[in-house]
Amino acid sequence: MFQILNDYSSELLEGFQITLISSVIALIFSLIIGVLLAILQISGKKLFITLANIYVEFFRNIPLLIIAMFFYVVVPVFWVPLSGFAAGTIGLTLYTAAFIADTVRAGILAVPKGQMEAARSTGLTFIEAMRYVVLPQAFKIVIPPLGNQFISLIKNSSVLALVAGFDLMYQGDIIASETFNVFDTYILIALIYLLLTMPLSYLMRYLEKHWSIN
Amino acid sequence: MKKLGTMTISILSGLTLSLLSACGTQDLASYDILERSQETASLTWGVKADTPLFGSMNIETRQIEGFEIDLAAAITREILGDDAKVEFIEVSSKTRIPLLKNGNIDAIIATMTITEARREVVDFSEVYFEAGQSLLVHKDSGIASIEDLDKSSVVIGAKGSNSVANIRELIPGITVLELENFSEAFVALRARQGVAVTTDNSVLYGLSAQDPDYIVTDETFTVEPYGIAVNKNQERFLNEVNKALQTIKENGTYDSLHEKWLGSVINRND
């Protein structure tokens with residue numbers, strides 16, 4: 001295993017960086033899209049609710065691989081050229097956003113109705129009441145499930161391996177096929193994934209504790 | 001009690017199997033494939049069923065079809081006469097030599113490259129197809145050979161294939177996208193993720209048969225001569241195979257089969 005780490009250190013480092021960058025980009029954008037979708041879902045406007053529901057149901061119920069493949073082999077033919085990295089990251093963002101929307105929506109609904117009503121009665125608009133009163137409380141509630149989504153996101157970034165995105169899993173596949181040492185290679189790859197997911201796991205646990213004190 | 005019964009049965013069947021296989025090897029050493037095939041008027045060939053144009057299963061007819069299949073049939077008829085029975089058994093790169101050694105098949109004609117390592121376990125006929133690594137490109141790409149590629153080119157291959165290592169050696173620093181298999185590599189090529197797919201031309205011809213806009217470059221930059229493999233100590237049979245191959249090359253049968261299966265994809269370049 002140390003032999004592999006030694007011989008393929010540049011490939012593994014590149015894979016680690018790509019996985020990290022892809023995950024961070026997907027995490028930021030899926031959080032933004034997810035929160036917007038959640039707000040649309042509880043906005044009370046029929047059109048918004050329908051559109052948001054269609055999005056969530058569609059992306060939540062098809063395999064991530066198909067979404068990524070679509071951006072890798074269909075979009076470049078008809079619209080813009082997309083690399084494997086871009087296709088995989090876009091697919092990952094859109095897919096995760098659907099799950100985050102559901103999580104955040106549940107969090108918002110868990111905030112007592114009176115909070116919104118009280119905020120509105122003080123003269124705040126719907127957006128302001130959301131921004132300053134409801135969402136801050138909702139976020140504390142959804143931190144544990146949101147943490148799960150983020151960890152899934154990092155692991156799901158391995159979809160890049162199937163669209164030649166040069167991520168950690170892709171490098172793992174190549175190293176395994178070159179060295180024929182499948183067992184050691186994938187154990188090493190798993191350990192590197194742990195390096196990414198464990199700190200996140202602890203961070204989420206810390207935030208959960210830290211914020212629940214208030 | 002029940003457990004003991006199962007155990008006895010498995011031990012007994014194990015013994016029977018090893019006895020049977022012992023008989024098998026004894027037979028194989030002394031037995032002459034040519035004699036047996038003349039008695040039964042039949043030959044059994046190990047062929048590929050997953051390589052379009054060379055040997056692939058036709059879903060409608062449930063028959064294996066291809067260049068190698070027709071070649072095997074022609075050689076069999078040349079050796080045993082027109083009424084001879086030709087049987088085909090599907091093999092993979094992994095199973096073909098064990099099946100030949102066990103006597104399940106009489107000869108292998110399955111996109112098998114003649115190599116020194118393989119010569120130590122089987123005997124090969126004369127070359128029946130000169131394969132080699134080549135490029136599959138769009139017909140308007142302007143790429144005619146590996147000379148037209150450089151460091152900045154993006155080439156597509158499949159994970160774990162030798163062809164990827166070969167092209168990296170020939171053009172150091174070139175970007176190679178490695179997909180799961182050659183069908184996916186071809187899909188990525190059509191999505192313009194790279195300028196060429198590279199592997200043996202025998203595989204590329206099969207891919208290009210699916211889309212007339214893609215051509216296989218004429219030049220090959222590795223040499224992969226395909227030969228028919230027969231078991232060791234079957235010189236008489238091997239001689240007959242070589243003679244038959246010679247005959248069908250001379251009488252035009254080989255050329256017409258070559259034209260039938262590969263003509264349309266090879267001539268697309270002109």
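This is a predicted model: local features need pLDDT of at least 70, side-chain atom pairs count only at pLDDT 80 or more; totals for chains, interfaces and linings use all residues.
Start with chain B, where five strands form an open sheet in the order β5-β1-β6-β13-β7, with mixed pairing. At the edges of this sheet stand β5 (85–90) and β7 (122–131) of chain B; each has a single partner strand, so one side of each is left without a neighbour in the sheet. From one strand to the next, the twist averages 30 degrees. Inside the order, strand β1 (residues 42–47) of chain B and strand β6 (residues 107–109) of chain B run parallel and are joined by three bridges. Here G46(B) is found opposite I108(B) of β6(B).

Helices pack on this sheet. Helix α3 (residues 67–80) of chain B touches β1, β5, β6 and β7 of chain B, and its direction makes about 160 degrees with that of β1(B). Helix α9 (residues 235–250) of chain B lies across β6, β7 and β13 (224–231) of chain B, and runs at about 20 degrees to β7(B).

Chain B also holds an open sheet of five strands in the order β10-β9-β11-β8-β12, again with mixed pairing. Its edge strands are β10 (175–179) and β12 (214–216) of chain B, each of which pairs on one side only. Neighbouring strands of this sheet are turned against each other by 30 degrees on average, direction ignored. Strand β9 (residues 154–158) of chain B runs parallel to strand β11 (residues 196–200) of chain B, and two bridges join them. In this pair, I156(B) has V197(B) of β11(B) opposite. Across β8 (133–138), β9, β10 and β11 of chain B lies helix α7 (residues 182–190) of chain B, running at about 160 degrees to β9(B).

Now turn to chain A and a pair of helices. Two packed helices are described by the angle between their axes and the distance between the axes. For helix α2 (residues 9–41) of chain A and helix α8 (residues 168–179) of chain A, the angle is about 155 degrees and the axes are 7 Å apart. Angles over 145 degrees count as roughly antiparallel, which makes α2(A) roughly antiparallel to α8(A).

The residues that meet can be named for each helix. From α2(A) come E11(A), L12(A), E14(A), G15(A), F16(A) and T19(A), while α8(A) brings L168(A), Y170(A), Q171(A) and I175(A). By type, the residues of this contact of α2(A) with α8(A) divide into five nonpolar, three polar and two charged.

Terms used. Residues are numbered from 1 along each chain as its sequence is written. Chains are lettered from A and ligands numbered from 1 in the order in which they are written. Two strands pair if DSSP finds at least two bridges between them. Helices (H or I, at least four residues) and strands (E, at least two) are DSSP runs, numbered from the N terminus. Axes are lines fitted to C-alpha atoms, for helices over the stretch in contact, and angles run from 0 to 180 degrees between N-to-C directions. Two residues are in contact if their C-beta atoms, placed from the backbone, lie within 7 Å. Angles under 35 degrees count as roughly parallel, over 145 as roughly antiparallel, 65 to 115 as roughly perpendicular and the rest as oblique. Ala, Val, Leu, Ile, Met, Phe, Trp, Tyr, Cys and Pro count as nonpolar, Asp, Glu, Lys and Arg as charged, and the others, Gly among them, as polar.
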